[in-house]
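The sequence and structure come first.

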Amino acid sequence: LAKRLGKVGVFVGVGDGFVGNRMLYAYRRQAEFLLEEGALPQDVDRVLVEFGFPMGPFQIADLAGLDVGWRVRQRQATSRPPHLRYSPIADRLCERGRFGQKTGAGWYRYKPGHRTPIPDPVVEDLIVDVATEQGVQRQPIPDSDIVPRCLYPLVNEGAKILSEGLAARSSDIDVIWLHGYGFPRYRGGPMFWADQVGLSTVYDTMSRLAEQHGEWLEPAPLLAELATAGRRFRDL
């Protein structure tokens, strides 16, 4: 059926967000936490474009429409563990009617008839206000922290998906992210890239981040198992 539709098909199990969007939630969640901690949307987007993505997470959100994710978050609100950290910045933007390119303003502002994102001081003020409310002391975020902070949690969520049987192979996850989410082709997909980085490196960083930033970043048991054994996702 996928071939008849001219698509690339991947067989996955049923779950909230399936595979791609579930991993995307982990990626965007950390990107938004970075804003509270000191980064700006243009900082995060620039670093991830330099990594190889065609667009950063905030540019993509503006393109897709912030109201789409807002509806998902509203649906998930009743089941969201109250003790886990949650950033309300995107919700605040939506409450102001800033839904992205289609409304001329989202994470960025846009000139009529143009799609070029323009950093907006209004967004920076909102970020600072939310950080103050959350009791977060903002400080400069080094570029070198942005890729691990955003992409290691993406890989970690992929490890959970594998252990739950929602994807049969790490290469299936890579196919999804290469063809559906703009992961840079030359890096081979998030799980292949993590194998190249070294799972022990990913695991050690996730353990440190979990100590600093909480439960969202706890290493997946499968990641811990593979890292300890010196194995890779492709070995499964």
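The second largest cavity holds about 40 Å³ of space. A cavity here is a set of points, on a 1 Å grid over the protein atoms alone, where a 1.4 Å probe fits but cannot get out; grid points are joined across faces, edges and corners, and a volume is the space filled by probe spheres set on the points. This is a predicted model, in which local features need pLDDT of at least 70, side-chain atom pairs count only at pLDDT 80 or more, and totals for chains, interfaces and linings use all residues. Residues are numbered from 1 along each chain as its sequence is written, and side-chain values use heavy atoms, with hydrogens and water left out.

**Second largest cavity**
- Its lining (residues with an atom within 4 Å of a point) consists of Ala 26, Arg 29, Gln 30, Pro 153, Asn 156, Glu 157 and Trp 216.
- Helices α2 and α8 (143–163) each contribute at least two lining residues; helices are DSSP runs of H or I, at least four residues, numbered from the N terminus.
- By class, this lining has 3 nonpolar, 2 polar and 2 charged residues.

**Largest cavity**
- The whole structure has 2 cavities of 30 Å³ or more, and the largest has a volume of about 40 Å³.
- Arg 28, Ala 31, Glu 32, Pro 57, Phe 58, Ala 61 and Trp 107 form the lining of the largest cavity.
- The lining comprises 5 nonpolar, no polar and 2 charged residues.

**Gln 59**
- Gln 59 lies in helix α4.
- Beyond neighbours within four places in sequence, Gln 59 contacts (heavy atoms within 4.5 Å) Asp 45, Val 49, Tyr 108 and Pro 117.

Notes
1 Å grid on protein atoms, 1.4 Å probe; cavity = no way out; pocket = protein on both sides within 12 Å on 5 of 7 lines; lining within 4 Å. Nonpolar A, V, L, I, M, F, W, Y, C, P; charged D, E, K, R; others polar.
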